[in-house]
Structures are given as structure tokens and as C-alpha cells.
Amino acid sequence: MTSWLVLTAALPTSPSGLRVRIWRALKGTGCATLRDGVYILPATAPSASDLWAIERAIRDGGADAHMLELQSRDTLQEKSFQALFDRTEQYADFAQALKDSRKAVKLGSEPKLRKLLRALDQQLRSIRLADYFPGKAAARAADGLETLRAEVEKKLSPGEPTPSSAAIDRLPRDSFQGKTWATRKRPWVDRLATAWLIQRFVDAKPRFLWLDDPKKCPKSALGFDFDGARFTHVGDKVSFEVVVHAFGLEQDAALKRVGDLVHYIDVGGIPVDEAAGVETMVRGLQGQHDNDDALLVAACILFDTLYVALRLAR
């Protein structure tokens with residue numbers, strides 16, 4: 001049985017400020033209304049602490065409020081409580097948004113398509129945060145978003161790697177000095193950040209190849225960020241995160257933050273404050289530099305600055 005929080009509140013009609021403030025706060029928790037003045041929320045919900053704070057705020061405002069912690073009386077009552085949190089309608093709206101978005105894939109520009117993916121990702125995250133009893137609709141929504149993301153990446157970045165399920169081996173940096181590293185030409189954020197990572201933290205004297213066709217990658221080169229490469233997407237990790245893990249760099253908090261940023265720009269997920277700015281800067285650098293070696297030199301300055309700023313922020 002689910003543990004429930006039930007808040008009973010008797011809000012004064014005057015002054016109206018407290019009533020309006022509490023109503024907005026209640027809506028933000030995702031709680032359901034049993035009847036006027038009685039609100040229910042699973043005790044394990046991420047917003048449960050907010051509901052407790054609302055009870056205190058009501059009391060501090062001079063009104064009556066009581067929080068009850070209880071379990072359902074029986075299976076029938078449990079089902080009726082859970083039904084109050086049915087998110088079918090929200091998932092249906094999301095499914096329609098996905099359907100409408102597919103029309104934009106063929107004609108949309110890269111900035112618009114990436115903005116569209118981020119907006120859909122945020123919409124789904126908001127639904128799932130308030131979906132305390134996820135079912136098939138949640139899985140279908142996630143699958144639908146990943147399918148759309150794959151369609152967009154196929155258009156914007158032909159050759160984008162398919163995540164593998166292989167284990168990530170731990171590797172000694174000493175054995176990876178003076179190597180040739182190869183990836184797809186016209187690198188986007190993950191490839192540029194990974195090249196910066198290699199140059200700054202792995203290989204003191206790397207050489208980079210920018211491939212027209214990843215299938216023709218020289219056997220002597222260490223490939224990254226394409227199917228069949230030595231370092232590429234594994235599970236939910238993008239290439240940058242795989243290299244960080246492979247060379248034991250996870251303890252560097254600033255690098256971890258850079259990895260979160262690269263992950264969000266490349267495949268979505270948890271938003272990162274600096275992502276929009278970095279994405280804009282990289283797009284500007286691509287517009288300035290037709291030569292990929294020159295692009296990497298400029299991008300390294302950007303990522304050096306970002307890395308130092310994140311270290312100082314820590």
C-alpha cells in the first residue's frame with residue numbers, strides 16, 4: 001500500500017493574498033484534491049516536503065491546517081487514490097506534440113530542431129515528475145521522444161553513433177600518448193568537447209583526423225564518436241562521458257559538470273544552465289571556421305574557459 005499525505009486546510013476568504021499564494025503552491029506540488037480544503041499526495045513524491053512547508057505556511061498565516069500520514073484502507077481505496085494521479089491526458093497531449101513535431105523535421109533548421117527537442121524533453125520530464133504511478137503511457141512517451149531524437153540526429157548529423165551495451169574498460173593514460181585520434185568531420189559539441197578532453201587530460205601530443213567516412217578510419221587511429229569506434233556512446237553515456245570514465249577522470253567535479261552539459265546538448269536529459277550559451281558559441285565557431293583543425297583550436301579556448309569557470313564555481 002502507498003503511504004499518503006493528506007492535508008486539511010481551512011483558508012480564510014480575506015485577505016485573499018494568503019489563499020491565492022497557497023493555491024498556487026498546492027498546484028506546484030502536483031497534489032490531488034479529495035474535496036474542497038483536503039489535498040492528497042504520495043508521501044514518497046519529490047514534492048512531499050513542499051506540502052509540509054505549505055502546512056506550516058498556512059498556520060503561520062493564522063489559518064487552520066493539519067497533515068495526516070496514512071495508508072489506504074483497502075485495495076479499492078488504494079485504486080481510487082491512485083486514479084486521482086492519472087496522467088493519461090498529459091501523455092496524450094505529449095503524443096500529439098510529438099506527432100506535430102515530426103512535420104518540422106524535414107524543413108526545420110538545426111537551431112529550431114534542437115530547441116524543439118529540448119522543449120519536448122522538458123515537457124516529458126515535467127509530466128514524469130508528477131507521474132507517481134508510471135505505466136505503459138510513460139514508456140511509450142519516452143520511446144516516442146527517442147525515436148524523434150534519432151530522426152533529428154540522422155538529419156543533422158549523419159553517422160551519429162548508436163549506443164552500445166559494452167562495458168567501459170579502464171585504461172592507463174601512459175599508453176595513449178602521441179596517438180592519432182579520428183572522428184567525423186565538422187564536429188559538433190560532443191566531438192569537440194571529447195577532442196578537448198583528450199588533448200588536455202589524456203594525450204599530451206595528440207593528432208586529430210576528421211573523417212569524411214568513418215568506415216574508412218585508419219586501423220592505426222583511435223576512433224571516437226561513431227559506430228565501431230574505440231570510444232563512442234555506451235548505454236546512456238555520450239562519447240565525452242565514456243572517455244572520462246575510461247581514463248578515471250570522474251572525480252574531477254568540473255569535468256563532471258562539463259560532461260552533464262555535453263550530454264544535455266547532445267542527447268537531452270537534465271537541463272544545464274550553461275548549455276544554451278555553449279551551444280550558441282559552438283555554432284558561432286563553426287560559422288567562423290571551415291577548417292576543423294582551426295575549429296578545434298578555437299573550441300579548446302572555449303572549453304578551457306568553461307572548465308576554469310566551473311572549477312571556480314565549485
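How many helices and strands are there in the protein chain? There are 11 helices and 7 strands, taken as DSSP runs numbered from the N terminus (helices: H or I, at least four residues; strands: E, at least two). This is a predicted model, so to speak: local features need pLDDT of at least 70, side-chain atom pairs count only at pLDDT 80 or more, and totals for chains, interfaces and linings use all residues. Residues are numbered from 1 along each chain as its sequence is written, and side-chain values use heavy atoms, with hydrogens and water left out.

**Overall shape and surface**

- The protein chain has a radius of gyration of 25 Å, while a compact globule of 314 residues would come in near 20 Å; the radius is taken over C-alpha atoms, and the globule rule is 2.2 Å times the number of residues to the power 0.38.
- The C-alpha trace spans about 70 × 45 × 35 Å along its principal axes.
- Of the 314 residues, 46% are buried (buried is under 20% relative accessible area, exposed over 50%, partly exposed in between, with a 1.4 Å probe and protein chains only).
- Take the contacts with a separation of 6 or more: 75% of them join residues 24 or more positions apart (contact means heavy atoms within 4.5 Å).

**Nonpolar cores**

- The largest nonpolar core has 47 residues, and Trp-181, Trp-196, Leu-197, Phe-231, Phe-240, Phe-247 and Phe-303 have the most contacts inside it; such a core is a set of buried Ala, Val, Leu, Ile, Met, Phe, Trp, Tyr and Cys residues joined through side-chain atoms within 4.5 Å.
- Helix 11 gives this core its largest share, 10 residues.
- Apart from it sits another core, of 27 residues, including Val-6, Leu-11, Cys-31 and Val-38.
- Skipping neighbours within four places in sequence, Phe-240 is in contact with Asp-190, Ala-193, Thr-194, Trp-196, Leu-197, Leu-255, Val-258, Gly-259 and Val-262.

**Helix 6**

- Ala-142 is in helix 6 (residues 136-156), and beyond residues up to four places away in sequence it touches Leu-124 and Arg-128.
- From Ala-142 to Thr-33 is 109 residues in sequence and 28 Å in space, C-alpha to C-alpha.

- Arg-186 isn't a glycine, yet its phi is positive, about 50 degrees; you'll find Arg-186 in the loop between strand 5 (180-184) and helix 7, partly exposed at 30% relative accessibility.
- Asp-225 also has a positive phi, near 65 degrees; Asp-225 lies in the loop between strand 7 (222-223) and helix 8, and is buried, with a relative accessible area of 1%.
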